[in-house]
Amino acid sequence: MWYNTKVTELLGIDYPITQGPFGGNFSAVELLAAVSNAGGLGGYGAYTLSPQEIVEVNDKIKVSTNKPYNINIWVSDNDVPTGIVTDEQYEQTAKIFKPYFDAAGIPLPGKPEPFKSRFENQVQVILDIRPKLFSFVFGIPSQDILEQCRKNGITTAGGATTLDEALALEAAGVDIIIASGFEAGGHRTSFLAPAEESVTGTFVLVQLIKQKVKAPVIAAGGIANGRGIAAALTLGADAVQIGTAFLACEESGALPLHRDMLFSERGKYTALSRAFTGRLGRGIATQLAKDLSGHEKQFLPFPLQANFMSSLRKAAIDQQQWDLILFWGGQIAPILTHTKASELMQSLVEETTKIIIT
Ligand SMILES: Cc1cc2nc3c(=O)[nH]c(=O)nc-3n(C[C@H](O)[C@H](O)[C@H](O)COP(=O)(O)O)c2cc1C
């Protein structure tokens, strides 16, 4: 049957359908459990969480499902090697963003506090809690960490936005490659070439990777229904990772307003921008993203730009100034129909079965 693949076998799940993990509080235990309990693989994006918070989330997951699930973190979570920006950098950013803070009627935030990478401490917790799948993006963990995963029975999956990244992940011994096409909602998780140069679409990327790499491949980006799943499997993918369609379900951590946006006319127009976090990401196109295109050198490095922008986001939501907010989402948003994760899962399985069998 179409649903028996290398990935379902490795992960012990019924269907080759995984829910994309969402960092930045967009994940939810309820969403993860709905997907895992329906025979897919639920995922939790934990890159902004402290180690203790990851333990607490994991305890809640264990109460909600006894099925396999995925915890995801970012190998590189910081583009500020020293953790601090200079006064000059801050002034430059403040100048370019001032009109938008003025439009929201709020003061510019001060210079961001220094940032220290969380990855090393987070990964220790993941090795302790042993999720069935540990997925990561923005790089490759050390050989020592990958070896400990193998010893602890944790399957690993790494995000690739180019063939070169997939080859590097395979050479490091990562079990599964997630082929992440540029249609996808969220950040471009490139780690070899700049994200702007790593913009292959999912269906090309899957074929390039399948031709050269033996590890199983999960297709991510632009898939939201049975047709998309059938197409990805036909091209050689061993499973799919679906983000935007699950983000739009009521169990996700997205605000109701954000979910409404994905179903609205605005969901038709998405763009890649660095304006919101300092790293390139896809969301519903806003005027701010359009205005500041070409000014990337004046933004603060990730994640300080995101800290800088969080007060603007909060005020803009209160004031319904949509053009100042990036609502994360992928290009596939206009075809979404489901608002409940269990119904989405059921429909994905039924549609794929119908398409592949008839
Ligand atoms: C709001 C949001 C946050 C995301 N955060 C992460 C993350 O932290 N780690 C990760 O591996 N993928 C992340 N992704 C990517 C998804 O897991 C998934 O691969 C992607 O959404 C699939 O493409 P689609 O949106 O076209 O379905 C995020 C996506 C969105 C929309």
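Mentor: Contact means heavy atoms within 4.5 Å. Keep in mind that this is a predicted model.

Trainee: Which residues does Phe97 touch, not counting residues up to four places away in sequence?

Mentor: Phe97 touches Leu108, Ala275, Leu288, Leu292, Phe299, Gln305, Phe308 and Met309, once residues up to four places away in sequence are set aside.

Trainee: Which residues touch the most other members of the largest nonpolar core?

Mentor: The general idea comes first. In soluble globular proteins, nonpolar side chains tend to be buried together. Now the case. The largest nonpolar core has 100 residues, and Phe97, Phe246 and Leu288 touch the most other members. Helix 4, residues 87-104, gives the most to this core: seven residues. A second core of 11 residues is separate, and its members include Ile13, Ala157, Ile178 and Ile218.

Trainee: How many aromatic pairs are there?

Mentor: Rings pair if their centres lie within 6.5 Å. That gives 13 aromatic pairs. Take Trp74 and Phe138: this pair is tilted, at 4.7 Å centre to centre, with 45 degrees between the planes. Trp74 is in strand 3, Phe138 is in the loop between strand 4 and helix 6, and the two are 64 residues apart. Both Trp74 and Phe138 are buried.

Trainee: Why is the pair of Tyr90 and Phe308 edge-to-face?

Mentor: Planes over 60 degrees apart count as edge-to-face. The planes of Tyr90 and Phe308 are at 75 degrees and the ring centres 6.3 Å apart, so this pair is edge-to-face. Tyr90 lies in helix 4 and Phe308 in helix 13, so the pair ties together parts 218 residues apart in sequence. Ring pairs also link Tyr90, Phe97, Phe101, Phe299 and Phe308 into a cluster.

Trainee: Is Ser27 buried or exposed?

Mentor: Buried means under 20% relative accessible area. Ser27 has 6% relative accessibility, so Ser27 counts as buried. Ser27 is in the loop between strand 1 and helix 2. The Ser27 side chain reaches the backbone oxygen of Phe22 at 2.7 Å. The Ser27 side chain also reaches the backbone nitrogen of Gly45, at 2.9 Å.

Trainee: Where is the place of Ala195?

Mentor: Ala195 is in the loop between strand 7 and helix 8. Ala195 is buried, at 8% relative accessible area. Residues up to four places away in sequence aside, Ala195 touches Arg188, Ser190, Arg274 and Leu280.

Trainee: Where does the charged end of Arg279 sit?

Mentor: Over the ring of Phe138, with the charged end of Arg279 4.2 Å from the ring centre. Likewise, the charged end of Arg282 sits over the ring of Phe182, 5.1 Å from its centre.

Note on methods. Residues are numbered from 1 along each chain as its sequence is written. This is a predicted model: local features need pLDDT of at least 70, side-chain atom pairs count only at pLDDT 80 or more; totals for chains, interfaces and linings use all residues. Side-chain values use heavy atoms; hydrogens and water are left out. A nonpolar core is a set of buried Ala, Val, Leu, Ile, Met, Phe, Trp, Tyr and Cys residues joined through side-chain atoms within 4.5 Å. Buried means under 20% relative accessible area, exposed over 50%, partly exposed in between (1.4 Å probe, protein chains only). Helices (H or I, at least four residues) and strands (E, at least two) are DSSP runs, numbered from the N terminus. A polar contact is a pair of N or O atoms within 3.5 Å; within protein, one must be able to donate a hydrogen and the other to accept it, and residues adjacent in sequence count only if both atoms are side-chain atoms. Rings of Phe, Tyr and Trp (its six-membered ring) pair if their centres lie within 6.5 Å; planes under 30 degrees apart count as stacked, over 60 as edge-to-face and the rest as tilted. A charge sits over a ring if NZ of Lys or CZ of Arg is within 6 Å of the ring centre and within 35 degrees of the ring normal.
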